[in-house]
Each structure stands twice: as C-alpha cells, then as structure tokens.
Amino acid sequence: TSHSGGQIFAEGGIARLMNKRPALWAALLSHEIAHTLLHHHFRAYLRQETIREEIAVHQQRHATGDESATWALLALRLSGGLADLRLSRNEEHEADRLGLLIMAEAGYHPDFAVTGFRRSAMKTDEWPKLRAFFASHPRWEPFTPHQVKSYAEAVAVFNAHWPNASKSPGGQPPVVATIM
C-alpha cells in the first residue's frame with residue numbers, strides 16, 4: 001500500500017490478502033488514511049530533499065578542493081539514510097496508533113487489525129531481522145509497549161461507541177489468541 005497527496009493505493013499481494021473482508025480493509029485503509037492525515041508523505045519528501053540539498057552543497061565544496069567536504073559527504077550519505085529510516089518508522093507507529101483509533105470509531109474492533117497484521121506476517125514469513133532493520137516500515141509486533149498502549153486506547157474507543165459489538169459495522173471481532 002502507499003499514500004500520496006490524499007490518494008491511497010493497495011495492490012498486489014496486500015489486496016489479495018484482504019480479499020473481500022471489509023474489516024481487514026478497514027484496518028489497512030485506516031492506517032493509510034492516518035498517514036495522509038498526519039502529512040507523512042510531505043514530511044518524507046522534505047527530509048529527502050533536505051538531505052539532497054546538503055549533499056549538493058558538500059559536493060560543490062569538494063569540487064573546490066575542500067577536503068573536509070569528503071568526510072561530510074560520507075557522513076551525510078550514511079547517517080542521512082539511517083535517520084530517514086528511523087523517522088519513517090516513527091511515522092509508521094504514529095499511523096498504527098491513529099489508524100487503530102479511526103477504525104475503532106468507525107465500528108471495527110482493533111482485533112481485526114491484529115488479525116490482518118498476523119495474516120500479512122504469515123504470508124511474508126515475517127521479515128528477517130537484517131532486512132527489517134533497513135525497511136521503512138517496522139515489523140508490527142502487537143505486544144511492544146507502544147502497540148499495547150495504542151491497542152488499549154482503540155479498544156476503549158470502540159467499547160465507548162459500540163457497547164454491543166454485534167451491532168457495530170464490523171460485527172463481532174475475531175477471536176485473537178496469543179501464546180507468550
């Protein structure tokens with residue numbers, strides 16, 4: 001999935017994974033809507049453009065014989081990309097939290113998101129740790145302190161709006177079991 005300028009795209013494997021399950025689509029789309037509401041695509045663009053501009057300045061300095069520019073270029077290329085990845089992951093956590101709240105308010109229990117993320121993890125065989133380190137989207141682990149807090153907030157919102165889950169748009173939430 002991706003989001004850009006208010007448009008959301010879901011294609012390929014993720015679209016097939018969601019199939020015709022409205023509650024799973026609610027989880028996926030609420031996450032992507034959260035990215036759009038939080039202007040993450042603009043932030044990412046500005047971060048990348050700032051790094052490009054800094055590199056261009058140091059390339060010019062290097063071309064004029066400034067030896068310190070070589071080290072600055074190396075540092076920018078290494079740290080700039082890693083910093084961007086870290087900030088991108090933070091934005092994913094923000095979108096996870098807001099997405100859970102959006103879907104809960106709309107009548108879809110957060111357990112549908114857990115189910116969707118688990119289906120996705122099973123399908124992708126959960127990323128190897130090294131690949132996950134360089135990914136812009138962190139592995140979704142439902143029992144990190146961040147996720148536990150976001151999940152609890154979303155359940156409280158769902159319960160406040162939909163005291164009888166069977167009458168909510170999403171209906172009864174799926175049974176989610178966790179073995180620790």
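## About the model

The structure is a predicted model, in which local features need pLDDT of at least 70 and side-chain atom pairs count only at pLDDT 80 or more, while totals for chains, interfaces and linings use all residues. Residues are numbered from 1 along each chain as its sequence is written, and side-chain values use heavy atoms, with hydrogens and water left out.

## The overall build

Let's start with the chain as a whole. It holds 7 helices and 2 strands, where helices (H or I, at least four residues) and strands (E, at least two) are DSSP runs numbered from the N terminus. Reading from the N terminus, the order is β-β-α-α-α-α-α-α-α.

Of the 180 residues in the chain, 34% are buried; buried means under 20% relative accessible area, exposed means over 50%, and partly exposed lies in between (1.4 Å probe, protein chains only). The chain exposes about 11,000 Å², with carbon and sulfur atoms supplying 61% of that area; accessible areas come from the Shrake-Rupley method with a 1.4 Å probe, and for residues only the protein chains shown count as cover. Among contacts with a separation of 6 or more, 70% are between residues 24 or more positions apart, a contact being heavy atoms within 4.5 Å.

## Salt bridges around Glu-91

A search of the whole structure finds 7 salt bridges, each one a side-chain nitrogen of Lys or Arg within 4 Å of a carboxyl oxygen of Asp or Glu. Glu-91 takes part in a salt bridge with Arg-43, at 4.0 Å from N to O. Because Glu-91 lies in helix H4 and Arg-43 in helix H3 (residues 40–63), this pair ties together parts that are 48 residues apart in sequence. Glu-91 also forms a salt bridge with Arg-47, and here the closest N and O atoms are 2.8 Å apart. That pair again links distant parts of the chain, with Glu-91 in helix H4 and Arg-47 in helix H3, 44 residues apart.

Glu-91 is buried, with a relative accessible area of 6%, and Arg-47 is buried too. Arg-43, by contrast, is partly exposed at 38%. Arg-43 touches Leu-38, Glu-91 and Glu-94, not counting residues up to four places away in sequence. The C-alpha atoms of Arg-43 and Ser-88 are 9.1 Å apart, although the two residues are 45 positions apart in sequence.

## Another pair, and a network

Arg-61 and Asp-66 form a salt bridge as well, their closest N and O atoms being 2.8 Å apart. Both are partly exposed: Arg-61 has a relative accessible area of 31% and Asp-66 one of 24%. Elsewhere, salt bridges that share partners join Arg-43, Arg-47, Asp-84, Glu-91 and Glu-94 into one network.

## The cavity

The whole structure contains 1 cavity of 30 Å³ or more. On a 1 Å grid over the protein atoms alone, a cavity is a set of points where a 1.4 Å probe fits but cannot get out, and lining residues have an atom within 4 Å of a point. The largest cavity has a volume of about 50 Å³, a volume being the space filled by probe spheres set on the points, which are joined across faces, edges and corners.

Helices H2 (22–37), H4 (68–106) and H5 (111–124) are the elements giving two or more residues to the lining of this cavity. H4 gives the most, with 5 residues. Lining residues include His-31, Asp-96, Met-103 and Phe-117. By class, the lining has 6 nonpolar, 3 polar and 1 charged residues; Ala, Val, Leu, Ile, Met, Phe, Trp, Tyr, Cys and Pro count as nonpolar, Asp, Glu, Lys and Arg as charged, and the others, Gly among them, as polar.

Terms used. On a 1 Å grid over the protein atoms alone, a cavity is a set of points where a 1.4 Å probe fits but cannot get out, and a pocket is an open set with protein on both sides within 12 Å along at least five of seven lines; lining residues have an atom within 4 Å of a point.
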